[in-house]
Amino acid sequence: MPLSTPARIVSELASRGYNAEREAVTKLADAPDPERALDRAVETMPDDALKLTAGHVEGVLDRAESRADATAGSQRAAEQKNGATATRDPSVSTGTDSGVSPDAGGDVPHETKGSRDVDLSKRAIEVANDMTGNSTGTGEYSDFVSVFRDRYEKLASKLRGRVNHRPTDAIENMAGGSEAALIGMVSDIRSTASGHWLVELEDTNGTFPCLVMKDRPIADLVQQLLLDEVIAVDGTLADDSGILFVDSLHFPDVPRTHSPSTADRHVQAALISDVHVGSQEFMADAWHRFTDWLHTAEAEHVEYLLIAGDMVEGVGIYPDQDEELDIIDIYEQYEQFSEYLKEVPGDMEIRMIPGNHDAVRLAEPQPGFDEELRDIMTAHDATVHSNPALVTVEGVTVLMYHGVSLDEVIAELPDEEASYDDPHKAMYQLLKKRHVAPQYGGHTRLAPEDRDYLVIEEVPDVFHTGHVHKLGWGKYHNVLALNSGCWQAQTDFQKSVNIDPDAGFAPILDLDTLDMTVRKFA
């Protein structure tokens, strides 16, 4: 792939074991032949040099231009000597093209401002659970059976060490009064006439009713249950073996002993979401202040930008949305977003996932952008993964999920467990359930795939969401849960549903300590 962007040049230099000044990367990217210029710059570096400087690159480019001018002059002299009268084919380069469009003006593009140094050799990023390009679901009944079976098996494996599990058909044949334990998917929750809770659990063999008495301490846990999540219970069978009286209830949960990984150097990541370019309420001034700050010495360690969905406002997302659009064409929205992205320093690594306002399917998991949108997004060489995706940045695993299911969690659970004012508490519930969207058939659309991409198989070090436009963070069993707010002022629709957004904030995460600072640009 041609080295046509700063990010690709950074990657190539890193593979050769070199760091570079940011201005050096920019000069290489602007060269007529970036690949040849990079090769010459590396070949002519002093043996003891580890960092490519702007002065060195400038010298290489000047020498190349001088040689090209000399070659062109010799060619013209030879043509004159031989009586040549034909004009030069304008499509043939003599190496003197500056690589800058005549109408580009003399100002340095915003993304090339500043003097940031890039520590290329330390950069490391890996991605797991990205289903982009791997969608297999057809919507057939068998597809749903397969994905729920996969969910059950993955989550049951995290619970089997905690209870002496027996399948539902084996429990049915046990003697009354026996102790029994069951791992199942919640298929029904209802209260009895006496105020007790009847929870029906389903495994791959059948269903079985479980009764939680209202005066038991675990009764409060029943109010945290959602349909289709996987739990474990143990207790005592009734005399007729027809029901299990529950003594304890277990979630797959994050181990309390989880020890998060950290980077081995001081490096930071900016975690944002819900930019909503195309909306009349997009806060462009706040965005400019944010990207200007990224070019300052104070932000020199911010090398990663992680965006958790809703890059643009989209079209037809909610009633009368067209009346609040500044850009009505979805592709023009992405083109404008790409322009705003150019303001981010060119050496920053950018990873994004889609949200419910983006131009992908609404059903989760959502694949990354198609080829047409990816072509629009090449300005900064940003990479778009699926929603959700597990992105490991210099050893720190970040579970990126846009967060549509948070609406359902907040609506279904008691206020003390989940609310819009404290969105991170709703995220705690998802970590406890080890699934980003447990409930099927509600507001959160789910797509059947060959496996359940929404299970939280690996415990992340950071859980990053957006969607609800509220800022909130905290730690759950040593996992940092962050909902990063938005870059959109309150819309009429949000006003009608009583959403007061937290806009213009940029959480900055120290990857070496997992400490976080929230900066406000609005």
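This tour moves through the model in a series of selections and says what is found at each of them.

The model is predicted, so local features are described only where pLDDT is at least 70 and side-chain atom pairs only at pLDDT 80 or more, while totals for chains, interfaces and linings use all residues. Residues are numbered from 1 along each chain as its sequence is written, and side-chain values use heavy atoms, with hydrogens and water left out.

**Helix 3**

Begin by selecting residues 34–43, which form helix 3; helices (H or I, at least four residues) and strands (E, at least two) are DSSP runs, numbered from the N terminus. Its buried residues are Pro 34, Ala 37, Leu 38, Ala 41 and Val 42, where buried means under 20% relative accessible area, exposed over 50% and partly exposed in between, with a 1.4 Å probe and protein chains only. Those residues lie on the same side of helix 3 because they cover an arc of only 130 degrees around the axis, the arc being that of the directions from the helix axis to the C-beta atoms. Such spacing follows a general rule: an α-helix has 3.6 residues a turn, so residues three or four places apart point the same way. Turn to the other side of helix 3 and you will find Arg 36 and Glu 43, which are exposed.

**Aromatic rings**

Next, display the side chains of Phe, Tyr and Trp, whose rings (for Trp the six-membered one) pair if their centres lie within 6.5 Å, with planes under 30 degrees apart counted as stacked, over 60 as edge-to-face and the rest as tilted. Searching the whole structure gives eleven aromatic pairs. Select Trp 287 and Trp 487: their ring centres are 5.7 Å apart and their planes stand at 80 degrees, so this pair is edge-to-face. Trp 287 belongs to helix 8 (residues 284–294) and Trp 487 to the loop between strand 18 (479–484) and helix 13 (492–496), so the pair ties together parts that are 200 residues apart in sequence. Trp 287 and Trp 487 are both buried.

Move on to Tyr 318 and Phe 493, a stacked aromatic pair with 4.6 Å from centre to centre and 20 degrees between the planes. Because Tyr 318 lies in the loop between strand 11 (302–307) and helix 9 (330–341) while Phe 493 lies in helix 13, this pair ties together parts that are 175 residues apart in sequence. Tyr 318, at 11% relative accessibility, counts as buried, whereas Phe 493, at 32%, counts as partly exposed.

**Backbone details**

For the next stops, show the backbone, bearing in mind that most residues other than glycine have a negative phi, and most peptide bonds are trans. In the loop between strand 11 and helix 9, select Asp 320, whose phi is near 60 degrees, a positive value in a residue other than glycine; Asp 320 is exposed, with a relative accessible area of 52%. The peptide bond from Glu 364 to Pro 365 is cis, with omega near 5 degrees, and Pro 365 sits in the loop between strand 12 (349–352) and helix 10 (371–376). The bond from Asn 387 to Pro 388 is also cis, with omega near 5 degrees, and Pro 388 lies in the loop between strand 13 (383–384) and strand 14 (389–393).

Now select the open sheet of six strands, which has the order 4-14-15-16-18-17 and mixed pairing; two strands pair if DSSP finds at least two bridges between them. Strand 4 (125–128) and strand 17 stand at the edges with a single partner strand each, so one side of each is left without a neighbour in the sheet. Strand 17 runs antiparallel to strand 18, to which six bridges join it, and Gly 472 stands opposite Asn 483 in strand 18.

**A buried histidine**

Finish at His 276, in the loop between strand 10 (268–272) and helix 8, which at 1% relative accessibility counts as buried. Leaving aside neighbours within four places in sequence, the residues in contact with His 276 (heavy atoms within 4.5 Å) are Phe 282, Asp 310, Met 311, Val 312, Glu 313, His 357, His 469 and Gln 488.
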